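This note is intended for a colleague who is meeting the structure for the first time. The numbered points below may be followed alongside the sequence and the model.

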Amino acid sequence: MDDLSSASIVENIQVAIVHLFERLGAGLPLLLAAIAVLVAFGIVAVVVRRVARYGSRFIKNPMKASLIRLVSYYTVWLIGIFVALDVMGVDARSLVTGLGLGGVALGFALKDVLSNLVSGLFILIAQTFEIGDQIVVGETEGTVERIQIRATHIRTYDGRLVLVPNGEVFMSRVTNNTASDLRRTSVFVYLEYNQDVELAMSVILKTVLDVPGVAKNPAASIRLRDLTTEHFYIETRFWTDSRRTRLRLVASDVRVAIINALEGAGIALPNPNQLDVSMQKSSDQVAE
């Protein structure tokens, strides 16, 4: 009995293996054909992406160029997948219906991934900011280098590369510092009460207007910002290039020019020790 049982088990296994190879043999040509279709469409997708990349050189807006490359590349792949499924005899409608049945569970599992994908498309379409813009997203500030489907690449001012998920970018408050060509900034000058305030303001304003990089329109302005117990301080406002490097460079040139102009006009700058005390007291005031 044991020998008969063992022989029966072996025979059943052999029959199962034969049936398996028969099924593989019947489906193997279709599987190979589907793989060949995917390879062919993959090659076409690469060619289309290269053509789109070359054609995007004639598009001035880098965001639109990036969107065209992404859409063309993934559209070819999507068509290839459906063609491969059709070659294998898979009904695309039934497949979509089947995916729909588990769509809720799959959606929860891939919530973050899908959120980043959809947000990336919305960012590319809405063009809230572009490649090369200097933006602030949460605690990250820097220059936008790339906008991919999953994340936005931001190069910080100290050279670090930060990949911010598109879902976070899309849902956060984004400050675009370079949305306009010009940006306003201020320089403060502290002077002692024994100095001629009107002369000082006149000299400062004239000096600022003559500094290279300071915009003529809108014109620079000046005002007596506040009075402290030891000093009064003057604020001059001017517009310059909105890019951070250029803005800081022009602001530095303005400070140097003001110091030289005040010394040339015989207006003495305050004692540094007294100035530190004055600045500490005024730092608690709310900026206007």
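**Notes on the fold and its packing**

1. Among contacts in the protein chain between residues at least 6 apart in sequence, 65% join residues at least 24 apart. The model under discussion is a predicted one. The protein chain contains 9 helices and 8 strands. Of its 288 residues, 29% count as buried.

2. The pairing of helix α7 with helix α8 deserves attention. Helix α7 covers residues 197-209 and helix α8 covers residues 244-264; their axes come within 9 Å and cross at roughly 135°. The arrangement of α7 relative to α8 is therefore oblique. As to hand, the crossing of α7 and α8 is right-handed.

3. Which residues make the contact between α7 and α8? From α7 the contact draws on Ala 200, Val 203, Ile 204, Thr 207 and Val 208, while α8 supplies Val 254, Ala 257, Ile 258, Ala 261 and Leu 262.

4. Val 254 is placed in helix α8, and it counts as buried because its relative accessibility is 0%. When neighbours within four places in sequence are left aside, Val 254 is in contact with Val 187, Val 208, Val 211, Val 214 and Phe 238.

5. Is Thr 185 buried or exposed? With a relative accessibility of 17%, Thr 185 counts as buried, since the cut-off for that class is under 20%. Thr 185 has its place in strand β6. Not counting residues up to four places away in sequence, Thr 185 touches Thr 236, Arg 237, Phe 238 and Leu 247.

6. Another threonine, Thr 178, is found in the loop between β5 (174-176) and β6. Thr 178 counts as buried because its relative accessibility is 10%. Residues up to four places away in sequence set aside, the residues that Thr 178 touches are Asp 133, Gln 134, Ser 242 and Arg 243.

7. Gly 167 is found in helix α6, which spans residues 166-171. Gly 167 is buried, its relative accessible area being 11%. Not counting residues up to four places away in sequence, Gly 167 touches Ser 115, Asn 116 and Ser 119. Gly 167 and Thr 152 are 15 residues apart along the chain, and their C-alpha atoms are separated by 9.7 Å.

8. Leu 70 lies in helix α2, which runs over residues 62-87. What is Leu 70 in contact with, leaving aside its neighbours within four places in sequence? On that basis, Leu 70 is in contact with Leu 124 and Ile 149. From C-alpha to C-alpha, Leu 70 and Ala 52 are 9.0 Å apart in space, and they are 18 residues apart in sequence.

9. Most peptide bonds are trans. The bond that joins Asn 217 and Pro 218, however, is cis, with omega about 0°. Pro 218 lies in the loop between α7 and β7 (221-227).

Technical notes. Residues are numbered from 1 along each chain as its sequence is written. This is a predicted model: local features need pLDDT of at least 70, side-chain atom pairs count only at pLDDT 80 or more; totals for chains, interfaces and linings use all residues. Side-chain values use heavy atoms; hydrogens and water are left out. Axes are lines fitted to C-alpha atoms, for helices over the stretch in contact, and angles run from 0 to 180 degrees between N-to-C directions. Helices (H or I, at least four residues) and strands (E, at least two) are DSSP runs, numbered from the N terminus. Angles under 35 degrees count as roughly parallel, over 145 as roughly antiparallel, 65 to 115 as roughly perpendicular and the rest as oblique. A crossing is left-handed if the near helix is turned anticlockwise from the far one by less than a right angle, and right-handed if clockwise. Contact means heavy atoms within 4.5 Å. Buried means under 20% relative accessible area, exposed over 50%, partly exposed in between (1.4 Å probe, protein chains only).
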